[in-house]
Amino acid sequence: MRAGERSSVERKTVAIVGFGDLGERLVRRLHPQRWRCLGLRRNAHAVPAGVEGIAVDLHDAATLRVLESRAPDALLITLSPGERSAAGYRQGFHQAMEHILAGLGRHRPERIFFVSSTRVYAEEGGAWVDEDSPLAFADPRAKAIIDAEAALRDFSASAVVLRAGGLYGAGPGYLLKRVSSGHFHPREPLQYGNRVHRDDVAAFLAATLPGGGLAGQALPGVINLVDDAPVPLQEVESWLADALGCPYRPPAEASGPARHKRVRNTRLRATAYELLFGDYRAGYGDVLHRWMAHSDREDGLDLH
């Protein structure tokens, strides 16, 4: 573009409610000349450069009216429970979602994404599930998330619920700390886990927002956001122990049955999105490479 010319590309606005790690990763993937990024969180100053911080309280609907006035083209919603009780989940998911939707008023963004969880599925015996599988209405914590999903989908036909598996990729994380300290799941029974790297969540969002490579696709209302390899946690822990040079000495057997499921990602693959980290080996290999490359570890975990 020559000096004096104005860009013909209209700058769009994305609002990220519950701005945190996923929001930062998404922002890094958006071109600053194409996107204006709003980070809505309790502490408006805890956002990186290039993001406009806006202070909101998800428990106070009045503070979220800024969404209607700013009229974002795209909206990303990430929520968490204030506490681990059923009431904390109800307040952190369903009630917070109702406040967000009320704050939008008459405005309808082109794209709305809600990062939900595979916890909503009722399956506990290790069978395969997809987006049409029965949901865990009897679990009050899961039901709070289910109700938040339903409220959003009733609000906007363009909304997309992303049921994410276990998120990893931000530092060593819980599992690596467990393995390095010698804590493992019992050998039996096998317990399957489902996971997705945080960079894949951000990359998928960036690809499907307006202007992204997959923006022209009509997305289904619910997508399981997991990698290609749901595998037993015992396999992941054994692999990590070997990678870390730690002895793998799990207990022989658990005292009760495992509660687990295997989640299909068929709809995700149908979007033509190519996973950056298709399985735990690729994902944790990246985590270990970046983490071990730093001589000063802020978390204080010493593997040696």
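1. The model is predicted: local features need pLDDT of at least 70, side-chain atom pairs count only at pLDDT 80 or more, and totals for chains, interfaces and linings use all residues. Residues are numbered from 1 along each chain as its sequence is written, and side-chain values use heavy atoms, with hydrogens and water left out.

2. Pairing requires at least two DSSP bridges between two strands.

3. Strand β5 (residues 111-117) is largely enclosed by the rest of the structure, because six of its seven residues are buried (under 20% relative accessible area, 1.4 Å probe, protein chains only).

4. Strand β4 (residues 74-78) runs parallel to β5 and is joined to β5 by five bridges; A74 stands opposite R111 in β5. Six bridges join β5 to the parallel strand β7 (residues 159-164), where R163 is the bridge partner of S116.

5. A right-handed β-α-β unit is made by β4, helix α3 (residues 86-104) and β5. Right-handed means that, with the strands pointing away from the viewer, the path from the first strand over the helix to the second runs clockwise. Helices are DSSP runs of H or I, at least four residues.

Conventions: Buried < 20%, exposed > 50% of the residue type's maximum accessible area, 1.4 Å probe, protein only. Helix = DSSP H or I, 4+ residues; strand = E, 2+ residues; numbered from the N terminus.
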